[in-house]
Amino acid sequence: MLLGVKTDEAVISRMKSIAASIKHYTQKKDILIDELAAHEENVTFTVLDSDEIAGIKNYLAEMSGVVVSVEGERLILTLTPEEVQRTKELSVAQAIETIRNRLDQFGLSEPVVARQGEEKILVQLAGIKTLEEEQRARELISRAAKLELMAVDEERNARVHAMTHADAASYGDVILSDANNPQLLYLVKEIPILDGGMLTDAQVGFDQNNRPVINFSLNAEGAELFGDFTGRNVGKRLAIVLDGKVYSAPNINERIGGGSGQISGNYSVLEAKDLAIALRSGALLAPIELLEKRSVGPSLGADSIQASMVALIGGFVAVILFMMVYYKMAGVIANIALIANLLIILAVMSLFGATLTLPGMAGIVLTVGMAVDANVIISERIRELLREGVSIHKAIEDGYANAMRAILDANITTLIAAVVLYVYGTGAIKGFAVTISIGILASMLTAILGTHGIYQMLESKIAKSKNKKFWFGIKG
Amino acid sequence: MEFFRYTKTYRFMGKSKFAMVLSVVMVLGSFVLLATKGLNYGIDFAGGTIVQVKYAGEAPIDAMREKLKSNPLFEGSSISEFGSSDEVVIRMKTTTSDVVVDVGDVTHATLAGTGEFEIRRVDIVGPKVGGELREQGLTSLILAVIGILIYVAFRFEWRFAVASVFALVHDVSIALGALALVQIDVNLDVLAALLTILGYSLNDTIIIFDRIREGVVDSKNTELGEMIDDSVTKTLSRTTLTSLTTLFVVFTLFMFGGEIIHPFAFTLLVGIVVGTYSSIFIAAPTLVWFGFDVKNYHAKLAEKARREAEKAKMRAQYESGIM
């Protein structure tokens with residue numbers, strides 16, 4: 001399947017994380033700010049004491065790619081175009097890395113996770129056995145796995161059910177629902193205390209009721225932030241938010257040092273396991289969407305390929321019989337080349353692990369046709385010379401020499417087309433290009449070198465017998 | 001065994017006016033078809049979803065329609081038979097971009113109760129991807145033609161290049177016209193078939209051109225028309241043999257390859273017939289049309305030979321130390 005990365009969302013979350021660090025910095029320095037908000041294009045806030053602006057600007061100058069403009073007490077932060085590009089680029093690269101990581105940990109033997117174009121990722125789940133497994137894998141891939149620890153706005157939380165999202169936004173809050181009970185709402189501070197980026201590990205464990213939970217640990221920076229926050233907010237609640245849903249909101253009883261925590265939820269062991277994998281391998285910076293997916297049920301694949309294979313083989317046999325009837329021994333020699341050619345194509349294709357698709361089949365039809373053609377051209381040239389009455393030796397040598405030019409030109413032009421298709425085509429068309437390239441090279445090898453060798457070997461015999469009807473199917 | 005009498009030269013040039021008229025009519029007809037009926041882009045190029053369902057008995061299409069109405073995912077979907085009465089495809093213009101939703105499972109659940117069936121194929125192509133595929137397909141076709149043009153111009157002469165591309169455009173146009181006429185779904189496999197036609201037709205044309213070039217170089221005859229007749233005749237048994245053998249293979253694919261291969265085989269069938277015709281009747285006469293002149297070409301060759309001889313002489317002098 002082909003996945004797309006919504007890179008615009010990565011830019012938005014970059015804005016949010018800038019806002020989070022501003023909040024943390026100003027709190028630490030005891031600078032009063034107001035109306036801090038992250039938008040699609042910028043981050044804005046107001047500094048209450050204008051003397052502090054210079055200090056904040058100094059701090060912001062350390063952030064790369066951020067442009068600061070000041071309008072009175074109001075600061076507007078935007079990203080440079082290069083930074084926006086870099087953020088997008090990073091989100092795609094990170095998504096590939098993360099998906100690969102997750103699939104590896106999921107236990108797939110050789111998943112394909114490859115970049116395609118700017119913002120697309122090709123994922124092939126080889127080695128999936130059951131539909132359930134495939135479903136799990138897809139859930140795992142697409143899971144944002146964004147862990148956020150957020151502060152519950154205790155002053156206003158009681159009124160949350162009467163609030164609109166706009167109301168919440170005006171307080172710098174967001175409304176989130178409970179993971180198990182969508183009716184239960186929480187009002188939390190929009191800017192998280194910390195997020196999953198500071199996670200070092202996540203493992204499945206069990207709580208006192210023997211239900212699966214996920215234990216996570218934070219890195220030093222995260223542990224410090226977490227410690228500071230819990231120390232300052234004893235008696236308030238902390239919401240553990242995963243992908244925009246509140247999993248639990250325990251009371252903070254005391255300062256929590258050490259930087260570890262627990263996510264409890266109503267999930268099965270298998271779900272907890274997948275979730276832990278997703279958390280360990282990190283959050284996706286940007287959400288993933290499905291762009292293209294093709295799946296052929298096992299029976300369809302088998303019988304349509306079988307039907308076309310039977311047809312192909314039938315057609316091929318007819319061609320071989322026809323060549324023998326029309327050209328007699330020359331036809332037999334050509335057939336040896338044809339069969340060798342087909343074997344080479346199949347061998348090289350299986351060497352590359354190519355699957356037989358319709359365009360691939362088209363490639364085989366085209367190249368078998370071209371191989372027949374090369375042999376026909378050679379045989380016709382030899383016949384022509386024999387009719388003119390030249391010796392067997394000369395007819396064979398000149399026949400090959402004359403045929404060569406035409407065969408080369410015809411094959412090279414097709415090869416040019418194949419190369420263009422390989423470079424500009426995708427998926428199945430690339431496969432078609434590869435098949436015909438292999439086929440053309442194989443047919444030049446078998447038709448020109450292979451049969452020429454056979455003729456040279458048999459030349460004295462042919463010259464002795466003088467039976468042109470037996471050898472070349474013409475009178476004389 | 002021999003099909004054609006090698007002692008006789010067939011007069012193809014005499015029929016060239018008739019062939020030209022026929023071709024112009026067919027190409028224009030194709031353009032009209034393309035403009036009025038248009039190509040029926042399949043999901044590869046238009047985007048959309050296809051679900052192929054096979055029932056144990058005859059597919060209850062009416063009952064399926066009723067069931068599908070209950071799920072908004074299938075809004076605007078159409079159901080049609082696929083090859084036999086127990087197999088159907090459900091086509092939707094819409095796609096789901098959620099990675100987690102399995103359209104196959106949803107279809108299975110929605111159609112529950114309509115009989116015993118299995119989901120055989122689910123293809124989803126997002127609208128963005130469809131557009132890109134179409135663009136890439138077209139770009140690659142055009143670039144391939146340009147590459148061929150340059151090579152043939154380099155190996156032969158520019159008029160040969162233009163004539164061969166002329167024949168290619170002729171073949172692909174008529175094949176596209178045929179696709180518009182029967183309203184076959186144009187998907188990636190049909191594009192591959194079109195490319196195959198391109199390859200075949202080009203191959204045929206090059207072989208004949210090679211003969212003409214040989215004739216021009218070897219003979220003293222300067223009458224291009226006669227030379228073309230002679231070359232086409234000499235390659236006639238090769239052209240027919242190759243086309244017939246390929247036609248064998250494609251025809252068996254068309255007849256016995258199953259429904260899924262039909263669009264592909266149909267395109268090839270039309271293309272090979274048209275390609276063979278154009279190589280014999282269109283490509284070579286176009287040379288005359290574009291004003292290819294044998295005397296001129298002789299002069300050019302003589303000039304080239306003279307320059308090469310001069311070069312060889314200079315080299316010989318240099319090597320023997322005179323210069």
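1. For helix packing, axes are lines fitted to C-alpha atoms, for helices over the stretch in contact, and angles run from 0 to 180 degrees between N-to-C directions. Helices (H or I, at least four residues) and strands (E, at least two) are DSSP runs, numbered from the N terminus. The model is a predicted one, in which local features need pLDDT of at least 70 and side-chain atom pairs count only at pLDDT 80 or more, while totals for chains, interfaces and linings use all residues. Residues are numbered from 1 along each chain as its sequence is written, with chains lettered from A and ligands numbered from 1 in the order in which they are written.

2. In chain B, the axes of helix 6 (residues 158-182) and helix 7 (residues 188-218) come within 9 Å, crossing at roughly 145°. The residues in contact (C-beta atoms, placed from the backbone, within 7 Å) include Ala175(B) of helix 6 and Leu198(B) of helix 7. They divide into 13 nonpolar, three polar and one charged, where Ala, Val, Leu, Ile, Met, Phe, Trp, Tyr, Cys and Pro count as nonpolar, Asp, Glu, Lys and Arg as charged, and the others, Gly among them, as polar.

3. Between the chains, the contact takes 65 residues from chain A and 65 residues from chain B. On the side of chain A that touches chain B, helix 8 of chain A gives the most, with 16 residues, and the residues of that side comprise 39 nonpolar, 15 polar and eleven charged.

4. Leu279(A), leaving aside its neighbours within four places in sequence, is in contact with residues including Ala145(A), Gly196(A) and Phe216(A).

Notes. Two residues are in contact if their C-beta atoms, placed from the backbone, lie within 7 Å.
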